[in-house]
Amino acid sequence: MFYIIGGVATLLFILVIIVFKEKPKHPPSRAQSQKPALTSSDALSAIIRLFKNLNFVLLVISYGLNAGAFYALSTLLNRMVILHYPGEEVNAGRIGLTMTIAGILGTVITGIWLDKTKTYKETTLVVYIMTLVGMVVYTFTLNLAHLWVVFITTGTMGFFMTGYLPLGFEFAVELTYPEPEAVSAGLLNVCPQVFGIMFTISQDQIIGKYGAMPANIFLCVFLTLGVVLTAFIKADLRRQKVNGKNPKNVSMWELAGQSSEFLALLRMWLHRWGPVELPEWTGFMVAVRPSQLSQTWRPEFAQWVFQHCFSAGLFQALFPLPALLLASLLWSPEDITIVTVC
């Protein structure tokens, strides 16, 4: 087993050396392009500034409580399961696997949701609350003598606890922009290790003296504190504010009288096959919000296209010009917005 893990780790190490680059050729966003001029290379100065940022300090503590509880729970899960279900060592391992797989799904889903909605504070708070709810349910159902219930509750906890981890990092970047992500991520990683050690030792002692339920209630108390701290974090989305200066929304109705702007969009798309002189825009995407699909041409077809192509946003992102032409055929100009990016 260790040889296999070592082989995979070695392969990843080689790939990192060969494939990874320090930075992309072009800045991926306006915020990133302005960042070198705004940040100091002195890590100590950055750490001092971060500790003066109250919102970031609250996030570090709440993140540490959540991740620390997850570390302690993962470490002692086997012991707690066998305590209530003697002889179920194999199923205890499967329960841990279920928690891990659910956590992978949670990480992907919460990441996609956050990228789509940009609701950093709201998403983080909701996921934290669901983590607490899952922990409470797990605490009071562990001793019901139904192993399938334990599978469900630990899977739910894994989904939200692990799903919270990328949210914390993304929220930290927003709160600390334009400070280096390596510094904020490093501080964010230290706190869970500290809380994880404290929680693991404390839970282990409580389980030995009083049992699993008091030990899990111990974690519930600290997760409740984490929810309260998260609620007090102000959503100061600094990176989004910088990027927010960039987008410009223009309706199709407004573009109808601006043929030069519309042609500029077409020329921008054709730029993929040959160099042309472009306007200040370098990208666009179609946003459709039909008011009444039933009154459109071919309403059944329009409904299908909206649900399967336009509602998720992937079709517009990959094929902006065909999406623009298709939308202009199916819906009225008032229902279509062109999101242009400088």
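Which residues does UniProt list for "transmembrane region" in the unreviewed entry? The record gives residues 6–22, 54–73, 93–113, 125–141, 147–169, 181–201 and 213–233. UniProt positions are given in the numbering used here, feature names are shortened, and annotations may be inferred rather than shown by experiment.

The model is predicted: local features need pLDDT of at least 70, side-chain atom pairs count only at pLDDT 80 or more, and totals for chains, interfaces and linings use all residues. Residues are numbered from 1 along each chain as its sequence is written, and side-chain values use heavy atoms, with hydrogens and water left out.

The protein chain has 15 helices and 3 strands, taken as DSSP runs numbered from the N terminus (helices H or I, at least four residues; strands E, at least two). Of its 342 residues, 41% count as buried (under 20% relative accessible area, with exposed over 50% and partly exposed in between; 1.4 Å probe, protein chains only). Among contacts (heavy atoms within 4.5 Å) with a separation of 6 or more, 80% join residues 24 or more positions apart.

Two of the listed stretches can be compared with the model. Residues 54–73 are 100% helix and 0% strand, with end C-alpha atoms 29 Å apart. Residues 181–201 are also 100% helix and 0% strand, and their end C-alpha atoms are 31 Å apart.

Next come the helix pairs. The axes of H4 (residues 54–84) and H6 (residues 120–141) come within 12 Å and cross at roughly 25 degrees. Axes are lines fitted to C-alpha atoms, for helices over the stretch in contact, and angles run from 0 to 180 degrees between N-to-C directions. H4 and H6 are therefore roughly parallel (under 35 degrees; over 145 is roughly antiparallel, 65 to 115 roughly perpendicular, the rest oblique). Ser62, Leu65, Asn66, Leu73, Leu77 and Met80 in H4 meet Tyr128, Thr131, Met135 and Tyr138 in H6. These residues divide into 7 nonpolar, 3 polar and no charged (nonpolar: Ala, Val, Leu, Ile, Met, Phe, Trp, Tyr, Cys and Pro; charged: Asp, Glu, Lys and Arg; polar: the others, Gly among them).

H5 (residues 89–117) packs on H7 at about 40 degrees, with the axes 6 Å apart, so the pair is oblique. The contact of H5 with H7 has 13 nonpolar, 11 polar and 2 charged residues.

Leucine 165 lies in H7 (residues 147–176) and is buried, at 18% relative accessible area. Beyond its neighbours within four places in sequence, leucine 165 contacts Tyr63 and Ala67. Leucine 165 is 99 residues from asparagine 66 in sequence, and 8.7 Å from it in space, C-alpha to C-alpha.
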